[in-house]
Amino acid sequence: LIVLATLRHDHRLADMAAGNSVSASTIHRWTWEIIALLAARAPRLDRALTKIAKQGGEAVLLDGTLIPTRRRTGTANRANYNGKHKKHGLLFLALTDHAGNLIWISSARRGAASEVTAGRHDHLARHLRAAGLGALADLGFTGLDPDPEDPVIITGYKSTATRKTTPAQRHANQALSAARAPVEHGFSDLKHWRILTRLRLDPAKATILLRALLVLTRQHTTR
């Protein structure tokens, strides 16, 4: 219960320690011991996709988000700054099923990384093809699929200054957006854990924390 309160409400360790007659270092140790145990139970990408395929699923929902972090000074500041969101943070990708239930979370990366770069690093397209699944994503993932002639990652149509979308393409984009809407529920469920309101961690520790929260979120929320 102490660890859950720390994760859910981001209480200060000193406050939790004083109320339970233990030291702050003991609360810190308990918290990270439980986080490590939970993170070890987080599903791998290939297994998560295989499970969806066995359940008869045909596609998953893909998106990325930025978890705000404290601003660093000097050169370390640049790697955490995300130009798209105009803030400092850690970037991670997530997959949900068609109802918005989280099924997988990527490793956390510096905010300066792009969603396409993160997706390529995780070999998302290859894993989707191996599982026989497709993925619905926004235009930020355009170019992630190396086979545009037979894509498994659908991102819709992009309008440019020289090439406008047709009415049919805009209608297709609207249909794609409607189908992707539940992915926001998955991110909302995850961000209910107050410890994520402003991370104080490096990417490696943030990855462990995110995967632990994924396991807890999957246990508490099912649509």
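**Exercises on a predicted model**

**Exercise 1.** Which residue lies over the face of tryptophan 32?

Solution. Lysine 205 lies over the face of tryptophan 32, and its distance from the ring centre is 4.8 Å. The model is a predicted one. To count as a charge over a ring, NZ of Lys must be within 6 Å of the ring centre; the value of 4.8 Å for lysine 205 can be set against that cut-off. For aromatic pairs, a search of the whole structure gives 1.

**Exercise 2.** Describe how helices α4 and α7 pack, and name the residues that meet.

Solution. Begin with the geometry: the axes of α4 (residues 45-54) and α7 (residues 124-131) come within 9 Å. They cross at roughly 35°, and the crossing is right-handed. Next, list the contacts. Helix α4 contributes Leu45, Asp46, Leu49, Thr50 and Ala53; these meet Leu124, His127, Leu128 and Ala131 of α7. Finally, sort the contact residues by class: 6 are nonpolar, 2 polar and 1 charged. Asp counts as charged, so Asp46 of α4 falls in that class.

Note on methods
Residues are numbered from 1 along each chain as its sequence is written. This is a predicted model: local features need pLDDT of at least 70, side-chain atom pairs count only at pLDDT 80 or more; totals for chains, interfaces and linings use all residues. Side-chain values use heavy atoms; hydrogens and water are left out. Axes are lines fitted to C-alpha atoms, for helices over the stretch in contact, and angles run from 0 to 180 degrees between N-to-C directions. Helices (H or I, at least four residues) and strands (E, at least two) are DSSP runs, numbered from the N terminus. A crossing is left-handed if the near helix is turned anticlockwise from the far one by less than a right angle, and right-handed if clockwise. Contact means heavy atoms within 4.5 Å. Rings of Phe, Tyr and Trp (its six-membered ring) pair if their centres lie within 6.5 Å; planes under 30 degrees apart count as stacked, over 60 as edge-to-face and the rest as tilted. A charge sits over a ring if NZ of Lys or CZ of Arg is within 6 Å of the ring centre and within 35 degrees of the ring normal.
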